[in-house]
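Have the model open while you go through them.

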Amino acid sequence: MPDKIKSRVDTLISNMSLRAKIGQLNQPETPTENNIEEFKEAVRRGEVGSILMSVGATAGNDAQGEINVDFYNELQKIAVEESPDGIPILFGRDVIHGHRTVFPIPLAMAASFNPELVCRCYRDTAIEATNDGVHWTFTPMLDLCHDPRWGRIIEGTGEDPYVGAGIAKAVVEGLQGDNLSNKDSMLACAKHFIGYGASEGGRDYHRTEISDYSLFNYYLPAFRAAIKAGALTVMSSFNDVSGQPVTSSRKYLTDILRGNLGFEGFVVSDYDAVIQLIKQGVAETPEQCAAMALNAGLDMDMHDKCYIDNLETAVKKGVISESVIDEAVRRVLTVKIRAGLFEHPYTEKKTIDRSKHLADAREMAAESIVLLKNNGVLPIDKNSKVGLIGPFANERRSLLGSWTIDGKAEETSTLSEKMREEIGGNLNVINSAALAWDSTNKNIAAADVVVLALGESWTATGESRAVSDITISAEQKALIKKAKTYGKKTVGVLFCGRPIAIEEIAEDLDAVVYAWHTGSEAAGAVSDILFGVKTPCGRLPVTLPRKATHIPLYYNVTSSGRPVNCYYGENPGNCYVDSMPTPYYPFGYGLTYTTFDYSKPVCNNSKLSLQEVKNGKKFDISVFVTNKGENSGKETVQLYIHDACAGMMRPLRELKGFKKAEISAGKTVKIDFELSYDELGFYDEKGNYIVEKGKFEVFVGKDCLTNNSLEIEII
Ligand code: GLC
């Protein structure tokens, strides 16, 4: 911490009462009309360090009022001018994937494999949200997840630590901008630390069982990247890890987060997580909850008032020392100073031209959409007659996805509107609900192509929204079957948040466009892709299984010792006797409107000594990629490794690099990768990073199942 900040913090703390110090660790939610006066008095006493700018435990699924900037400025004025120490309040809100301009859900943005664009979208987001008075957002959500039944898989980056780390960096840098103290810089918050995505059965908030080895190699890399990118806040998670609630675990919140990952900012709890230690069975009283959490390294208490109501007594009883409180306050004040909050505590709202943001949203939506299947039906000729049917043809709200507090469904175009813009009278929107299904329906009979607009409601995703069966509704499945009876080329557009079990659906369709919940510009982006205005280029950041009963099914799995590895098709019949558990669409998969050929990868320096690697020498790997088709296209060239023999078992494939390249029809481009010390090691169960001598298989291709490989060796 720079000296001048340290001395400023020391001076503030030396003048603060114990209660005022605890006030800095207290984050109530926005007051309502029935407690506003009492709330203002608490602010006046210096007991409100931060405000959660929303009402309700699952803000992502509940309607929240628009931000009243004047109201927050009024509260801020009381804190700055009337409280004993004049410390500004830090305003935090769940600005998860956009503000008024809504970008695709984070899982869809991960599918873009375009971190530069992700960064741009979060820069746009910070500009809009800080203009509404938001200083701090509770994002990026970095919970790696192997179970799509979990509703919150949509908020994260999927099943891979390397993708997660890249997104973490892009989001933090986008939100915080060039200088943390700029007015349009918004503090990031890496959440939920740690292991929340491993909730048993995908059942939200339930127990997790994670070995330290898995924690360091699957769950922590994205947090490590967020901290390296400059994240100054972390949110602890609701779950326990192997019998320890994270909220009260010094092992996770201090030894690992600060000791191993080097985090220097402050930790905020999740909503009411401190008082929930009683229900988790490790505390009997609120005072014990407060003392346990603070001693573990949890600095700020979200909503349950457990700190402000109990820490003074805890200090007086000697249950906790004031020096521990001072340390937490020091961290919070340091962040407030670095965010420039003392210099600009108030918001002067200005008019923002969102046209660039909306253009970025349309670009990001198009880059996130994954073309899964295409039997020559896409792109659709604009002179074709198109029949559009299905519950998502005129849908607005679900296209925005969960955790869209400030987006406006009424401003969101529908797929029918955008397709009409593109092909006018050639579009015939057919109401499936009212449709008397028979084989002579004239509207469908007249169509050259049928587009089914299907998907999953936003309300089936997000917090407290786990599902036991990852699929679309029975009515939508029946619609697919019925459409098939017309013998028309049929395209399925799936506006789904989570990955769904797709075998039964995809087999009856001639083309499948996975449109996720892609935000304000979702409909326009889907139309662009259907008619070839844009070429699809998204790639799956998660596996799409055949059936829900095959979960968990993820690509970065270690090998069995027996002659079977179902993900990679080694004797999959030995997995289940009643179904084939290979992935229907694997991690990294996606089609375009052309095809690409890969040369064998080559490495001119395929043997390096361990010392050379430690000294920074890198393996240089290159491949030639040729566009064999008539259309230009963007290919995401992916590089995986397999450490075939190591001190601990390593996954059969680990993504360690990707390059997204636009390649014109008939052209060949050379794609270069470097593999260095940072990509060739793993963490042991104590969190030590280890690079060993030995051979590595290196795969370069279009998804994780590629066998286009070479061997390198650290000697
Ligand atoms: C919720 C979520 C967390 C969110 C917080 C504030 O319960 O778990 O992700 O940031 O509370 O709304």
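1. Let me start with the second largest pocket. Its lining has seven nonpolar, eight polar and 12 charged residues (nonpolar means Ala, Val, Leu, Ile, Met, Phe, Trp, Tyr, Cys and Pro; charged means Asp, Glu, Lys and Arg; the others, Gly among them, are polar). The second largest pocket is lined by 27 residues, and Glu66, Arg100, Asp406, Gly407 and Lys408 lie nearest its centre. Its volume is about 460 Å³.

2. A word on what we're looking at. This is a predicted model, in which local features need pLDDT of at least 70 and side-chain atom pairs count only at pLDDT 80 or more, while totals for chains, interfaces and linings use all residues. Residues are numbered from 1 along each chain as its sequence is written, and side-chain values use heavy atoms, with hydrogens and water left out.

3. On to the largest pocket, with a volume of about 1,100 Å³. Of the 40 residues lining the largest pocket, Pro161, Tyr162, Ala165, Pro221 and Asp678 are the closest to its centre. By class the lining of the largest pocket splits into 22 nonpolar, six polar and 12 charged residues. For both pockets and cavities, the search runs on a 1 Å grid over the protein atoms alone: a cavity is a set of points where a 1.4 Å probe fits but cannot get out, a pocket is an open set with protein on both sides within 12 Å along at least five of seven lines, and lining residues have an atom within 4 Å of a point. Points are joined across faces, edges and corners, and a volume is the space filled by probe spheres set on them.

4. Which element gives the most to the lining of the largest pocket? That is α7, with seven residues. Elements that each supply at least two residues of this lining include α6 (115-130), α7 (161-176), α8 (212-219), α9 (221-228), β22 (654-663) and β24 (682-683). Helices (H or I, at least four residues) and strands (E, at least two) are DSSP runs, numbered from the N terminus.

5. The structure holds nine cavities of 30 Å³ or more, and the largest cavity has a volume of about 130 Å³. The largest cavity is lined by 17 residues, with Ala57, Asp94, Asp270, Met302 and Trp403 nearest its centre. This lining has nine nonpolar, three polar and five charged residues.

6. Where does the ligand sit? In the largest cavity, by the rule that more than half of its atoms lie within 2 Å of the grid points. The ligand is surrounded by 14 residues, the closest being Asp94, Arg152, Lys191, His192 and Asp270 (a residue is near if one of its heavy atoms lies within 4 Å). The shell around the ligand has eight nonpolar, one polar and five charged residues.

7. An oxygen atom of the ligand is 2.8 Å from an N or O atom in the side chain of Arg152, and a polar side-chain atom of Lys191 is 2.8 Å from a ligand oxygen. A polar backbone atom of Ala57 is 3.1 Å from an oxygen atom of the ligand. These are polar contacts, pairs of N or O atoms within 3.5 Å. The protein covers 100% of the 310 Å² of accessible area that the ligand has on its own (Shrake-Rupley method, 1.4 Å probe).

8. Finally, the backbone. Most residues other than glycine have a negative phi, and most peptide bonds are trans. The Lys191 to His192 peptide bond is cis, with omega near -10°, and His192 is in strand β5 (residues 190-193). Ile551 to Pro552 is also cis, with omega near 0°; Pro552 is in the loop between α20 (522-530) and β17 (596-598). Trp403, not a glycine, has a positive phi of about 55°, and lies in the loop between α15 (397-400) and α16 (415-423).

Methods. Polar contact = N/O pair within 3.5 Å; in protein donor to acceptor, adjacent residues only side chain to side chain.
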